[in-house]
Structure formats: C-alpha cells, structure tokens
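This briefing covers the arrangement of secondary-structure elements in the model shown below. The points are grouped by topic.

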Amino acid sequence: MSKPVLVQTTLAKPASLEGIGLHTGVTSQVVFEPAPADTGYVIVRTDLPGEPRLCPAVDLVSQTTRGTTLKDGDVEVHTVEHVLAALVGLDIDNCIIKLSAFEPPVMDGSSQEFSEAMVAAGIVDIPESEKKIYRVTEPLVIQDGKKSIAAWPYPGLRITYELYYDHPWLQPQRVDLEINPEVFRAQLAQCRTFCLEQEIDWLKSQGLAKGGTRENALVIGEHGLVNPPFRCEHELAFHKVLDFIGDLALARCRVEGHFVANFTGHEMNARLVKALLNQAKRIKHLERGKGTLVIEAQEIEQLLPHRYPMLLVDRVIDLEVGKRVVGIKNVTMNEHFFQGHFPGHPIMPGVLILEAMAQCGGVLLMKSSPDSVGKVVYFVGIDKVRFRKPVVPGDQLRFELSVDKIKARIAKMLAKAYVGDTLVCEAEFMSTLVAR
C-alpha cells in the first residue's frame, strides 16, 4: 500500500514582529507572509532599493560565528536560524519573510514569539501540492576533532544532541527528541540563546552581541546562571537542537533522518547539509535523468577482470553512457593493504585510490562501447595527479569521472575522489579498449 501524499503548507495570513537584532542592535521588523506551493522560504530585504530577495540555501552561507549569515550578491542577512527554526518546527513549507534590516529581531532569544505569531496567523494546507522531502537513506558521519554529527535513516526527524563545556558549573546535557510541531512548540521554541560570561568581551571586540541583554540571552557565569531561572532543565541543549533545525532549512526541503550531534554549532550544521545534498546526488532511488544506470557488485565483476584483493569499486551509483560515472568504495579496517601501510597508522595507498578511480572509469568505458564484449580496459596514461587528504578506515570514497574527449580509440577522463564533500584526490586518465 503506497504512502499518502503529504501536501505543502503556508500561512493563512501575514504575521509581523518587531525588535532589536542580537548582534547588530538595530531595530528591525519581520513580516511572515503566505506563499504559493514550491516557493520555499524567501527573504526580502525591504530596506534596500528594489527590495532584493534571497532564498536560504547552504551555498549562500558566508559565515557561522555565533549565527548563520547568508549572502547572495549584495543581499545579506545575519542570524536567520531562529526564524527558520520556527518555520521548520511548525512544518510550514512556503513563506515570504520580509525583513527591514540586516538582521531579524532577536525577541527573547528563542523562537517562541515567532512560532506563536505564526500559529495565531494560521497554518493551512496548499491543495494539489506535494511536500518535498529528502530522507536519509544511508549512514553519514562528519567529524572535526571532538565535534561530530552522525545521520542514518529514520521515519521522521529525530535529533539526539550532547552538549559539553569544560566549565566548573555546567554539567553535560544530552537530549533526544522526535521533532514535530507539537514537540517544537512545547519543548524547543521557548529555549533561548546563551553564552559564557567570559566570552562577552570577545564578542564585543568582534562587533557582535550589540543587542544582547539579559532579557534576550542566557549568560553562564563561573558559579551559575547570571540571569536565572532556566525555562526547562536542558534549555541549553534544547536551544542547540533549535539551531540545528533552523540550519536544516538550508537544504531547501524537509529532511528526515536520525541525527546524533556532539557539541556542534552552525559551521558543522552547514557541513552536514552540504554532505546530505551530496548524498542526495548519488542515491539511486532519487529522480535521475534519462540514460543513467546503477550497477551492483555482481555486474561490476562481469565488466572488469579484477578480483579480490584488487577489485576496488563496490558499486556504481550513477552512470550516464558516454558522459560520466559515479562509484563508491567503502574503506574498512579489514582491507589487506592496511597490514603494511602502515601498522598503527593505517592510510590507504595513493596508488590504490588511483587504481579504484581507474576501475570506475573502466566501467564507464565498457558500458559506453557497443562492442565491449570480450575486451578489457587498458589505461595508457595518468596526468595531473594530486593527493589532497589521507584516506583512512571508516571513510567512504566517492569517485566522479567525466569524459573529456574521445579520439580514435583513446578516451580521456577527468577524475576526482571525495570523502563526503572533501576532495581527496584528482587526476586525468587516458584509456583504451583492447581484446582480452
């Protein structure tokens, strides 16, 4: 039985609020207006000539210091996460956000007043529309030192967050929530932004927190909360979840999955969204253009002569005949080459990364040639090789190769290898088909 189609939503009528910006200290007004299906979120700078527009997207993130700033040409907005969190948390898909300054009003430092204004305006379905959803379909991990975000498939949006500061008064906080409009309004919307008292001078020196007060931000001193009380037991961790939800809006669609985040902020959140979008490009069940193919391991063995331990492509996840191919290799601790490269410090040999890319290109060449039966791919040249970052156990290599030109029987391909959204190796290959 197929799942029912979920329709998109918008506001029934406009809602507006006014206040000072957290970092600029400038008074601004934000107006939330209804929008038709497939609009998404659009921010309009009403204070600028021509009222230019900006559509929140991860590619527009210009900085992430104490807030998410977006910039598209000359249009810029700061600290958008609390506004976007209210829209995502209330499951509103389409909204025009009119803003009279560089930064939305901070209100009380949470998303509560935004969400209350939207609920009062009314949230309505848009008939004959279909909600855009990206569902995580395979595990994903990004890490930076002790900071990490893991994601895996889940029927809905679930966020587990662990907050830890090396602070004499703050104890670690761990929260686990299934996110829906009811949970957002009851547990998350009210949770306020915060900083350590010792950070205030630094924030001021960076031109930030000009509008920060004890009424719109929690301040954590050495011996406790400077402006008590907390609104709930885990208000700090809950606010981090609120920020996370706001930053997920930069995917420009609903996101479903279970996310486990450890001591992360806006910069890591943006990296996660980029990684999700890269994942979306290579998952076979997503909509693809005509002529694309997905090739599993068994068929790869039919196309290539390589066998263990030299078959280094696990799956081809996208192939456009005569044009491009995308393949993956899961690098595990059980790889034979880690026995000697290097004991106690395992790194995948660069030559094997090149070999894996070449094999992926070989699949493309075999699939693109009408007379490939009984033939094998020989690589006759490798140029412009660059190794950018080590590949270690636990990484998933993604190879992306495109045909640059084909002349006589020689094909030239441009190849890149990624781990997540990080380029680890690139090269140019020349190859040909010969009889076995």
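Helix 1 (residues 81–89) packs against helix 5 (residues 235–248) at an angle of about 80°, and their axes are 7 Å apart. The model is a predicted one. Angles of 65 to 115 degrees count as roughly perpendicular, and helix 1 and helix 5 are therefore roughly perpendicular to each other.

**Contact between helix 1 and helix 5**
- Helix 1 contributes Glu81, His82, Leu84, Ala85, Val88 and Gly89 to the contact.
- From helix 5, the contacting residues are His239, Leu242, Asp243, Ile245, Gly246 and Asp247.
- By class, the residues of this contact divide into five nonpolar, four polar and three charged.

- Five strands form an open sheet in the order 2-3-9-4-5, and the pairing is mixed.
- Strand 2 (15–20) and strand 5 (53–54) are the edge strands, each of which pairs on one side only.
- Strand 2 pairs with strand 3 (residues 27–33) in the antiparallel sense, over six bridges.
- Opposite leucine 17 stands valine 30 of strand 3.

**Helices lying across strands**
- Helix 1, which packs with helix 5, also lies across strand 3, strand 4 (41–45) and strand 9 (95–99).
- The direction of helix 1 is at about 160° to strand 9.
- Helix 2 (residues 112–121) lies across strand 2 and strand 3.
- Relative to strand 2, helix 2 runs at about 160°.

Conventions:
Residues are numbered from 1 along each chain as its sequence is written. This is a predicted model: local features need pLDDT of at least 70, side-chain atom pairs count only at pLDDT 80 or more; totals for chains, interfaces and linings use all residues. Side-chain values use heavy atoms; hydrogens and water are left out. Axes are lines fitted to C-alpha atoms, for helices over the stretch in contact, and angles run from 0 to 180 degrees between N-to-C directions. Helices (H or I, at least four residues) and strands (E, at least two) are DSSP runs, numbered from the N terminus. Angles under 35 degrees count as roughly parallel, over 145 as roughly antiparallel, 65 to 115 as roughly perpendicular and the rest as oblique. Contact means heavy atoms within 4.5 Å. Ala, Val, Leu, Ile, Met, Phe, Trp, Tyr, Cys and Pro count as nonpolar, Asp, Glu, Lys and Arg as charged, and the others, Gly among them, as polar. Two strands pair if DSSP finds at least two bridges between them.
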